[in-house]
Each structure stands twice: as C-alpha cells, then as structure tokens.
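Me: I'd like to learn how to read salt bridges in a model. Could you walk me through them?

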Amino acid sequence: MKRTSWRNPLLLLLTAVIWGVAFVAQSVGMDYIGPFTFNCVRSIIGGIVLIPCIWLLDRMKGHGDGGKTGSSGESKEEKQVLLTGGICCGAALFLASNLQQFGIKYTTVGKAGFITALYIVLVPVLGIFLKKAIGLKVWISVALAVAGLYLLCITDGFSIGKGDFLVLLCALVFSIHILVIDYFSPKTDGVRLSCIQFLVCGILSGIGMLMTESPSLTAVLQAWMPILYAGVMSCGVAYTLQIIGQKGMDPTVASLILSLESVVSVLAGWLLLGQKLSVRELSGCVLMFIAIILAQLPGGKKCNC
C-alpha cells in the first residue's frame, strides 16, 4: 500500500488553484495584446523559468556528484527522442493554447475553464482510436458531459457561442496533447520535455503574432502582470509543483485534484472579474464536474493493496 504525505495533495491543490486563476490572467491580458502575442511571451517566459528548475532537479538527482547526472549522461538517441517529443508536444500546445486564448475573448473565464476540463473525458474516448478499450463508466461520463455542455453553452436557438466553440476545439486538441505527452514522457525527462514544448509553443505563437497582429513593447509592458502570472506561475511554478506533487501519488487521485481548476476558474471569474453564471449555466457546470470526476474514478477491478 503506497502512502503519500499530506504535502502531495496540498501541492496538487495549489497547482489547480494557480491554473484556475490563470484563466483570469488570460482574459485580462486580452485587454492589452492579441492572443498570439500573449501566448508567445507567456510560453517563452515559462520555458525560461523551467531552465533553473531543470538545473535544480539535476542537482537533486545527482545527490553527491555535483549534479552531473543530467543531460550530459544522455545518449544521442535519447536526445533525439527528447527533441522530437518537445517539438510534437509544443506544436499541440500551440494549437490548444491559442484556440483557448481566442475563445476566452468571446466567453467567460468560468465557462472556458469547465469546457477546457472536458479533455479529461475526451482522452479515454480518443483512446479508442489507439485500440484502448473503455468501459461503461466513461460512456456515462461522456453523456453527462454532453448534457452539461448543452446547459452551459447552447442558447435557446440551439446555437453555440463562438468563444465556447473555440474552447471546445481547444479541449479536443488538449486531449491529443495529453496523448502525445503520454507517448513521449516515459521515454525522456518530463521537465526538459516541458521546457522545450513551451519554447516551441512560444516560437510558433511568435510567427502567428508577426503575421496577424501588430505587437508593441508598450502594450506588452501594460499587460506585464497577467503575462508574468501566466508565464511564471501557470507554466513554470505550477508545472513544477505538479511534478513534485504527483510523485508517489495514485494518478487517478492526482487527476481528480487537478480537475478542480475548472471550479477555481468559475470562482476566480466571479470574485476578480464579476462574471456570473445563470442557474442553467451553473447546472451545466455541476453536470460536467460530475462527468470529470466519474471519468477519473478507478474501475473496481484491480486492487493492489
């Protein structure tokens, strides 16, 4: 039976809070700069912040050898896998994060948070194409999520808002992003992989920025607070907390705690931006949250206690 200290769930809860509040930062950032500009600067900051984290983790792994067990011990093949994985993950993150950023322009942060969290239900469904069987529990989760999404997003005229649709696409791409990470993460170092993916996402967002937006240093400096929060806290700090917090924890329990970011996004939007949800929309949130939790509950077959 694995035992984890109270510190691990607390670190994961803190991660969920940071990610939930990041939706507010992303929304406020749009008052000053375009979506591509925001994601370009934020992602590059996130990648740079992880560089000292990599050094620190190498030192911890190295114990008494001065931290020399890092990338210098990697073979050429391992470095190739790391670079390929970083580019693939970065490209998927670029698509997902920019769809989300454009979507947040046209919807509330609470709705964006809950729709994004659908990736937890979509991941096992997409697993069908990878020949991974899914059980009745997941299909029930999908049905609840669809019902919740209907109450949250679909208007009386049976149309979905532009922002909600973009965030829904973002959830789909995030699901693909998770499957890509699932493929590459066992083959390489997780923090290095994340660092490269943030830098790749930043470069690709920079290309989009130069092609479609007119960025100015003045505007970026005006948005310094949401950019720094999203870059340092959401990318750098939260990711590192997730790595440390998940160590030795049941991944199902960890996912459940992390999915609370959707609840935090609603509370943050209400407290910080004054955004309110109707009773219908709140009912949709409740259904989607039940679906998220149900999708992550263990199946009752295995019990290795």
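Me: Which residues are linked in a network of salt bridges?

Reply: A salt bridge here is a side-chain nitrogen of Lys or Arg within 4 Å of a carboxyl oxygen of Asp or Glu. In this predicted model, Lys111, Asp164 and Glu281 are linked in such a network. Residues are numbered from 1 along each chain as its sequence is written, and side-chain values use heavy atoms, leaving out hydrogens and water. Local features need pLDDT of at least 70, side-chain atom pairs count only at pLDDT 80 or more, and totals for chains, interfaces and linings use all residues.

Me: How far apart are the closest N and O atoms of Lys111 and Asp164?

Reply: They are 3.3 Å apart. Lys111 sits in helix α4 (residues 109–116) and Asp164 in helix α7 (residues 162–184), so this pair ties together parts 53 residues apart in sequence. Helices are DSSP runs (H or I, at least four residues), numbered from the N terminus.

Me: And what about Glu281?

Reply: Its side chain meets that of Lys111 in a salt bridge at 3.5 Å, N to O. Glu281 lies in helix α13 (residues 279–296) and Lys111 in helix α4, so the pair ties together parts that are 170 residues apart in sequence.

Me: Are Lys111 and Asp164 buried or exposed?

Reply: Both are buried, meaning under 20% relative accessible area, against over 50% for exposed and in between for partly exposed (1.4 Å probe, protein chains only). Lys111 has 10% relative accessibility, and Glu281, at 17%, is buried too.

Me: How many salt bridges does the structure hold?

Reply: Three. Among them is the one between Arg192 and Asp189, at 3.8 Å, N to O; Arg192 and Asp189 are both buried.

Key:
Helices (H or I, at least four residues) and strands (E, at least two) are DSSP runs, numbered from the N terminus.
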